[in-house]
Amino acid sequence: MAIRIVRKRGDELLGVRAKEVNRFDHTLVRIIDDMYDTMHHYHGIGLAAPQIGISKRIIVAEVDDVKLALINPAIVEAAGEEVDVEGCLSWPGNFGEVVRKTHIKVRGQTALGDEVEIVAAGLLARCLQHEIDHLNGVLFCDVALRLLDKSERQDLSDE
Ligand code: CO
């Protein structure tokens with residue numbers, strides 16, 4: 001268990017496509033544990049492995065009572081669109097409006113390598129799309145309709 005340093009916007013690793021995972025061993029389990037620890041420490045709802053310096057296709061998310069780790073995730077179905085505000089642990093204090101699908105089906109693998117399918121809606125769907133973007137070297141600011149200005153950011157920080 002360890003809290004890792006979160007790479008920030010501008011870091012080279014955040015801009016490249018992460019590699020497929022093909023070894024489902026204790027190292028993978030440890031990476032996932034560290035990702036959960038780091039996400040909790042920084043009060044995030046999701047994290048992608050490149051954010052802690054590991055360029056592999058691993059994401060974790062925790063939204064309401066759903067906590068999950070997905071390896072090699074791919075969106076296989078998507079419907080609906082919604083604009084909402086997003087932030088990222090790799091660009092603290094900044095927020096932007098991003099269009100995301102409201103309903104998605106994601107196929108991936110568990111930490112043991114078993115195939116799994118996740119059906120998600122709303123905030124969890126948004127979170128998974130944001131984290132999968134990270135695996136493709138995309139940050140929310142790359143796809144945002146617009147970034148919030150200083151006064152809008154202030155309002156969010158006060159909440
Ligand atoms: Co992020």
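In this predicted model, strand E3 (66-86) and helix H2 (122-135) each contribute at least two residues to the lining of the largest pocket. Helix H2 gives the most, with six residues. The lining comprises 23 residues in total. Gly44, Ile45, Gly87, Cys88 and Leu89 are the ones that lie nearest the centre of the pocket. Its volume is about 430 Å³. By class, ten of the lining residues are nonpolar, nine are polar and four are charged.

A cobalt ion is also present in the model. Its donors are Cys88 (SG), His130 (NE2) and His134 (NE2), at 2.1 to 2.3 Å. Along the sequence, these donor residues follow the spacing C-x41-H-x3-H. Cysteine 88 lies in the loop between E3 and strand E4 (96-109), whereas histidine 134 belongs to helix H2, so the pair ties together parts that are 46 residues apart in sequence. Both cysteine 88 and histidine 134 are buried.

The largest nonpolar core holds 17 residues. Within this core, Ile59 and Leu128 touch the most other members. Two or more residues come from each of strand E2 (58-63), E3, E4, strand E5 (115-121) and H2. H2 provides the largest share, six residues. Contacts of isoleucine 59, leaving aside its neighbours within four places in sequence, include Leu128, Ile132 and Leu135. Met35, Leu47, Ala48, Leu68, Ala69, Leu70 and Pro73 are also in contact with isoleucine 59. Glu131, a charged residue, is another of the contacts of isoleucine 59. A second, separate core has 14 residues, among them Ile31, Tyr36, Ala49 and Ile58.

Two further buried positions were examined. Arginine 126 lies in helix H2. Its relative accessibility is 6%, so arginine 126 counts as buried. Not counting residues up to four places away in sequence, arginine 126 touches Glu82, Val83, Asp84, Glu86, Val98 and Arg100. Leucine 14 is found in the segment before helix H1 (26-41). With a relative accessibility of 3%, leucine 14 also counts as buried, because the cut-off is under 20%. Its contacts, with neighbours within four places in sequence left aside, are Arg7, Lys8, Arg9, Pro50, Gln51, Ser90, Gly137, Val138 and Leu139. Leucine 14 and valine 143 are 129 residues apart along the chain, and 14 Å separates their C-alpha atoms.

Backbone geometry was considered next. Most residues other than glycine have a negative phi. Aspartate 64 has a positive phi of about 55 degrees, although it is not a glycine. Asparagine 72, likewise not a glycine, has a positive phi of about 50 degrees. Aspartate 64 is placed in the loop between E2 and E3, while asparagine 72 is placed in strand E3. Aspartate 64 is exposed, with a relative accessible area of 75%. Asparagine 72, by contrast, counts as buried at 12% relative accessibility.

Conventions
Residues are numbered from 1 along each chain as its sequence is written. This is a predicted model: local features need pLDDT of at least 70, side-chain atom pairs count only at pLDDT 80 or more; totals for chains, interfaces and linings use all residues. Side-chain values use heavy atoms; hydrogens and water are left out. On a 1 Å grid over the protein atoms alone, a cavity is a set of points where a 1.4 Å probe fits but cannot get out, and a pocket is an open set with protein on both sides within 12 Å along at least five of seven lines; lining residues have an atom within 4 Å of a point. Grid points are joined across faces, edges and corners, and a volume is the space filled by probe spheres set on the points. Helices (H or I, at least four residues) and strands (E, at least two) are DSSP runs, numbered from the N terminus. Buried means under 20% relative accessible area, exposed over 50%, partly exposed in between (1.4 Å probe, protein chains only). Contact means heavy atoms within 4.5 Å. Donors are N, O and S atoms within 2.8 Å of the metal (3.2 Å for Na, K and Ca); water is not among the atoms, so sites may look incomplete. A nonpolar core is a set of buried Ala, Val, Leu, Ile, Met, Phe, Trp, Tyr and Cys residues joined through side-chain atoms within 4.5 Å.
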